[in-house]
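Here are my notes for your first look at this model. Please keep the structure open while you read, and check each point against it.

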Amino acid sequence: MCAHDTATVRDRLATVSARTGLSPAELGVARLYPDPAPPTVTESGTAPLAGVPVLVKDLNLVAGEVTTYGSAAHAVHATADDAAVRALRATGAVLVGASSAAEFGATAYTEPVGTPWPVNPLGAGYMPGGSSGGAATAVGHGVVDVAHATDGGGSIRVPAACCGLPGLKPAHSVVTGGGSPGAGEPAAPAGTTAAAPGVTPTAQGFIARDLAWTARAYGLPAPSAAQPGRTRPLRIAHTNTPFHCAVTAGGAHGHGGTGHGGHGHAGTGPGDPGVVPSTTDVDPVIAAATAAAAVLATRLPQVSSVVPLPAPYPPALFETFADVLASRCAGLPDPLLPVTAWFRDRGRAVTDADPDRGLAAATRTIAALPDEVLRAWPDVDVAVTPTLACAPPPPGTFSALSPAADVAVQTAWTPWATLWNLTGWAALTVPLVDPADVPGRWPVSVHLGAVGDRATAADLLDLAEGIVAQIRASGMNPEYLSVDGPGDPLGLGAAPTPRGHDHAGPCGCGAGVHRP
């Protein structure tokens with residue numbers, strides 16, 4: 001069975017490669033396993049992914065196979081499966097190979113070291129996002145229907161959105177009894193040290209070709225626009241205002257900076273100037289499309305209302321989040337890309353701080369965050385926001401910057417997703433139109449975030465199915481819900497801002513800051 005599944009993927013890979021002229025690496029496939037082991041479930045026929053070929057993100061350890069952590073310099077030959085891989089096998093999936101990943105999963109883009117970068121199926125001018133960019137690329141090109149992915153700050157949702165796919169981050173436990181990585185997280189390379197005890201922002205999951213396959217991968221019912229399982233209508237709230245973005249006196253071009261990167265690690269580099277929490281701009285096409293999706297949701301019988309969404313917390317909390325996220329890079333070994341080394345150095349500064357002012361205090365703040373957000377959103381079941389502040393930019397856009405600027409601009413581009421990693425709540429991104437209906441354009445993707453246990457992952461899938469169905473029924477021109485060409489995150493407003501001043505500026509995607 002496994003040999004057959006691997007041969008099927010090899011055939012699909014060869015077919016797609018011949019059609020596109022792209023190499024396996026450019027199609028998101030880091031490597032195929034020569035002889036994958038069978039699933040471990042006793043009755044795989046009842047498992048959600050029984051017999052389905054699945055690529056594993058190249059941050060996880062698969063017994064007998066090579067893992068590179070996104071860099072050829074850190075390749076290891078695994079002797080045993082890690083916890084996440086054991087859980088994958090229990091789904092009945094046949095693990096046929098590895099998908100490309102950002103180095104140690106540290107960035108919102110996927111530019112693995114020592115191998116060609118994955119190419120977005122929507123067009124080579126758009127980066128595929130990260131850090132699970134290989135997974136999204138392989139699924140989007142049709143190499144596999146489902147790929148394993150991880151999400152430590154948007155790393156399922158951001159690449160899925162970039163590639164015109166749905167992406168679900170399941171609910172997960174954030175604050176644990178101590179230790180890192182958390183249950184099911186990728187094992188750290190030999191010789192490294194753990195960081196951020198007690199906080200696990202990373203969820204294990206999948207990127208799949210559509211909502212139905214996404215539901216299947218997670219063992220959930222097929223999505224239904226009617227939401228038959230709801231006993232109470234959903235209360236939806238919408239905003240286009242970013243939750244946070246860090247802006248420094250040094251600006252976005254490398255003279256200091258900070259950010260969360262949205263993907264597991266970040267913060268102010270040692271010696272950087274002070275941070276000015278702020279918000280940044282949003283492409284007006286994305287803002288309008290997201291607002292339209294929220295309005296159309298009111299036509300669904302299971303939605304009772306749509307109201308404005310207030311800020312979830314004061315911007316000053318941004319630095320606390322950055323401290324915790326950066327600390328997870330403290331043990332990474334050399335050699336590293338400049339941006340990954342920047343995260344590592346910031347993490348070491350955090351973990352070496354006074355416990356009352358450093359990581360322990362930040363961890364306590366994260367533990368209290370869900371209750372704080374629930375108080376800020378007392379009558380909200382699902383938060384609707386954009387997923388990205390502008391369309392995916394060209395490959396190499398972020399890595400061409402200094403590390404501090406790189407992180408600040410990533411933050412401006414992905415200023416919503418991390419909240420759902422820090423609270424552990426489920427969140428879903430979904431393209432509003434089929435990429436096939438807007439060839440060469442980027443379909444706007446909206447982000448649906450559950451608020452506590454008021455909405456489940458199944459509720460989010462049903463809601464997404466309903467919104468997309470309403471868009472189709474409306475007869476709206478799909479071009480109105482898409483962007484013509486790559487975005488410019490350098491123009492999103494991650495630029496110098498004096499302390500004590502409000503930040504506003506021109507949006508590099510075509511207009512000024514959007515305020516709902």
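1. Start with helices α7 and α8. Their axes come within 7 Å and cross at roughly 110°. Angles of 65 to 115 degrees count as roughly perpendicular, so α7 is roughly perpendicular to α8. Bear in mind that this is a predicted model.

2. Which residues make this contact? From α7 come Glu319, Asp323, Ala326 and Ser327. From α8 come Phe343, Arg346, Gly347, Val350 and Thr351. By class, the contact of α7 with α8 divides into three nonpolar, three polar and three charged residues.

3. Arg344 pairs with Asp334, and the closest N and O atoms are 3.1 Å apart. Arg344 sits in helix α8 (residues 338–351), while Asp334 is in the loop between α7 and α8. The two are ten residues apart. A search of the whole structure finds twelve salt bridges.

4. Helix α7 (residues 318–327) also meets helix α9 (residues 359–376). Here the axes come within 9 Å and cross at roughly 115°. That makes α7 roughly perpendicular to α9. The crossing is left-handed.

5. Check the side of α7 first: Thr320, Phe321, Asp323, Val324 and Ser327 touch α9. Their counterparts in α9 are Leu359, Ala362, Thr363, Thr365, Ile366 and Leu369. This contact of α7 with α9 has six nonpolar, four polar and one charged residues.

6. Next, the sheet. What is the order of its strands? The sheet is open, has eleven strands and runs β1-β5-β2-β6-β8-β7-β14-β16-β13-β9-β12. The pairing is mixed. β1 (29–32) and β12 (303–308) stand at the edges with a single partner strand each, so one side of each has no neighbour in the sheet. From one strand to the next, the twist averages 25°.

7. Zoom in on one strand pair. β9 (residues 234–238) and β13 (residues 382–386) run parallel and are joined by three bridges. Ile236 stands opposite Val382 in β13.

8. Finally, find two helices that meet the sheet. Helix α2 (residues 83–90) packs on the sheet and touches β2 (53–57), β5 (94–99), β6 (146–151) and β8 (203–208). The direction of α2 makes about 140° with that of β5. Helix α12 (residues 457–474) lies across β7 (167–169), β9, β12, β13, β14 (427–431) and β16 (445–450). α12 runs at about 20° to β14.

Technical notes
Residues are numbered from 1 along each chain as its sequence is written. This is a predicted model: local features need pLDDT of at least 70, side-chain atom pairs count only at pLDDT 80 or more; totals for chains, interfaces and linings use all residues. Side-chain values use heavy atoms; hydrogens and water are left out. Two strands pair if DSSP finds at least two bridges between them. Helices (H or I, at least four residues) and strands (E, at least two) are DSSP runs, numbered from the N terminus. Axes are lines fitted to C-alpha atoms, for helices over the stretch in contact, and angles run from 0 to 180 degrees between N-to-C directions. Contact means heavy atoms within 4.5 Å. Angles under 35 degrees count as roughly parallel, over 145 as roughly antiparallel, 65 to 115 as roughly perpendicular and the rest as oblique. A crossing is left-handed if the near helix is turned anticlockwise from the far one by less than a right angle, and right-handed if clockwise. Ala, Val, Leu, Ile, Met, Phe, Trp, Tyr, Cys and Pro count as nonpolar, Asp, Glu, Lys and Arg as charged, and the others, Gly among them, as polar. A salt bridge is a side-chain nitrogen of Lys or Arg within 4 Å of a carboxyl oxygen of Asp or Glu.
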